[in-house]
Amino acid sequence: MEKLVIEGGIPLTGTIRIHGSKNAALPILAACILVDGKHTVDNVPDLLDIKVMIEILNAIGCKANHQDGSVILDTSSIYSHHIPEDLMKQMRSSIFMMGPLLARFGQVQVYQPGGCAIGERKIDLHLKGLKSLGATIEETNNTIICRAKKLIGGNIHLDFPSVGATENILMAAVLAEGETTIHQAAKEPEIVDLQNFLNALGAKITGAGTDTIHIVGVKQLTPCQYRIIPDRIVAGTLMIATAVTGGNVELTSTCPQHLESLIHVLKKADVQITLKNDIINITSIGRPKSLDRIVTSPYPAFPTDLQSQIMVLLSLSDGITTIKEKIFEQRFKHVDELKKMGADIQVNNNIAYVRGVPRLYGASVKATDLRAGAALVVAGLAGKGTTIIEHIHHIDRGYVNIESIFNQLGANITRCVESPVSR
Ligand code: EPU
């Protein structure tokens, strides 16, 4: 087991390039299954979840390799439609195998997926959507078997704009007979990236990025080379870390339009942001101002994936801010850890009351999930003294070598092997 040791209190300075988006790359790698042939997907981050996706693809007969930021993937020798249970449990995105395998082969066997423990994370909307396209679904205990002689387009109304359900249905519908409309679809940039990828394969999709997506089914697709969008959550984490350390950082290879809600919040907190093409400059000019409230909601509202990190900034602000978490039921697990570092936060159901303190202090803390872990790194960078973060495998799911990212900006973070517990 590894841990991070952070010597805090150093303002971040310098320039850094943002790596490709995990949450865009995962469904796109799964979508390659829709087509027989050899794909190249560029700007794929070298992360644990991507490694698991590649293992899953190889387990069903694909030949997938990740080298120098690109995944080369040959889907012409798929022999299995059954995803091994141990791989399904390793991440939530294993569920993305369902739509493409069903569309291409008419059957798929999966299990309830794993993933960060941040809420109940049901898959009912995925299954309902696939049923609307004509699939039959057998669910016994943990096992889910989907079959369809052929998928037929239809009208699908999502009860909630689920990112994963929108993506799964989109992937299934591209090869369905006839036309499909997804109403109350998720509008996240990762959905637009999936649409762009599928259209590059020859699909006929319009509307991604709005709440109605229209798909005209096609008979055949052809492989392509595609470049994944930059990771907006990694960029957002770096922007917040710069602000709380009193730093001055330039981020390159970003999509500022994907970060509008965060930019708005940071500006209100008195952080200086300037934008030029794909470059974001962040300068902190003193203690952040508190805000009225932050509410996480589906895109384009404030993202749940940046809620824990912005809580660190507000913990250091000059007043009280409420943060309401509306996406996941258990996404305040970082609060107890931040309190160990001196933060003053009270939680009542899905609302956190954050009272700013002048300073955070180093402490020994545990990452409970990916973004909670990222928030602890941000807090450790801002805090006085040494912070030790355990359970960092969670952080490695979403940030490529997080210590190297921050050390390039002048931070002092070391990755160490946890010493065995003395008996
Ligand atoms: N939901 C259901 N039924 C479903 C699907 C979702 O009730 O069938 C509920 C969930 O329980 C949750 C809410 O809807 O309360 C939102 O879930 P959604 O399906 O939108 O999220 P997801 O697809 O599981 C993706 C990202 C998450 C990100 C959320 C919200 C990927 C691989 N994961 O998850 O990313 O937080 O959208 O934006 O794209 C992360 O990167 O740290 C992460 C958790």
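The residues of the shell around the ligand split into 8 nonpolar, 6 polar and 9 charged. Keep in mind that this is a predicted model. In total, 23 residues surround the ligand, and the closest are Asp124, Ser162, Asp305, Ile327 and Arg371.

Where does the ligand sit? You'll find the ligand in the largest pocket.

Now zoom out to the domains. Domain 1 is made of two stretches, 3-19 and 230-416, while domain 2 runs over 22-227. Both domains give residues to the shell, so the ligand lies between them.

Next, have a look at some individual atoms. Which residues put a backbone N or O atom by an oxygen atom of the ligand? Leu125 is one of them, with a backbone N or O atom 2.7 Å from a ligand oxygen. Lys122 also does this, at 3.2 Å from an oxygen atom of the ligand. Arg331 uses its side chain instead: a polar atom there lies 3.3 Å from an oxygen atom of the ligand. As for cover, the ligand on its own has 820 Å² of accessible area, and the protein covers 90% of that.

Leave the ligand for a moment and follow the backbone. In the loop between strand S17 (293-296) and helix H10 (307-315) you come to Pro300. The peptide bond leading from Tyr299 into Pro300 is cis, with omega near 15 degrees.

One other backbone spot is worth a stop. Asn141 lies in the loop that links strand S7 (136-140) and strand S8 (143-147). Phi of Asn141 is near 45 degrees, which is a positive value in a residue other than glycine.

Key: Residues are numbered from 1 along each chain as its sequence is written. This is a predicted model: local features need pLDDT of at least 70, side-chain atom pairs count only at pLDDT 80 or more; totals for chains, interfaces and linings use all residues. Side-chain values use heavy atoms; hydrogens and water are left out. A residue is near a molecule or strand if one of its heavy atoms lies within 4 Å of it. A polar contact is a pair of N or O atoms within 3.5 Å; within protein, one must be able to donate a hydrogen and the other to accept it, and residues adjacent in sequence count only if both atoms are side-chain atoms. Accessible areas come from the Shrake-Rupley method with a 1.4 Å probe; for residues, only the protein chains shown count as cover. On a 1 Å grid over the protein atoms alone, a cavity is a set of points where a 1.4 Å probe fits but cannot get out, and a pocket is an open set with protein on both sides within 12 Å along at least five of seven lines; lining residues have an atom within 4 Å of a point. A molecule sits in a cavity or pocket if more than half of its atoms lie within 2 Å of its grid points. Ala, Val, Leu, Ile, Met, Phe, Trp, Tyr, Cys and Pro count as nonpolar, Asp, Glu, Lys and Arg as charged, and the others, Gly among them, as polar. Domain bounds come from an automatic or database domain assignment. Helices (H or I, at least four residues) and strands (E, at least two) are DSSP runs, numbered from the N terminus.
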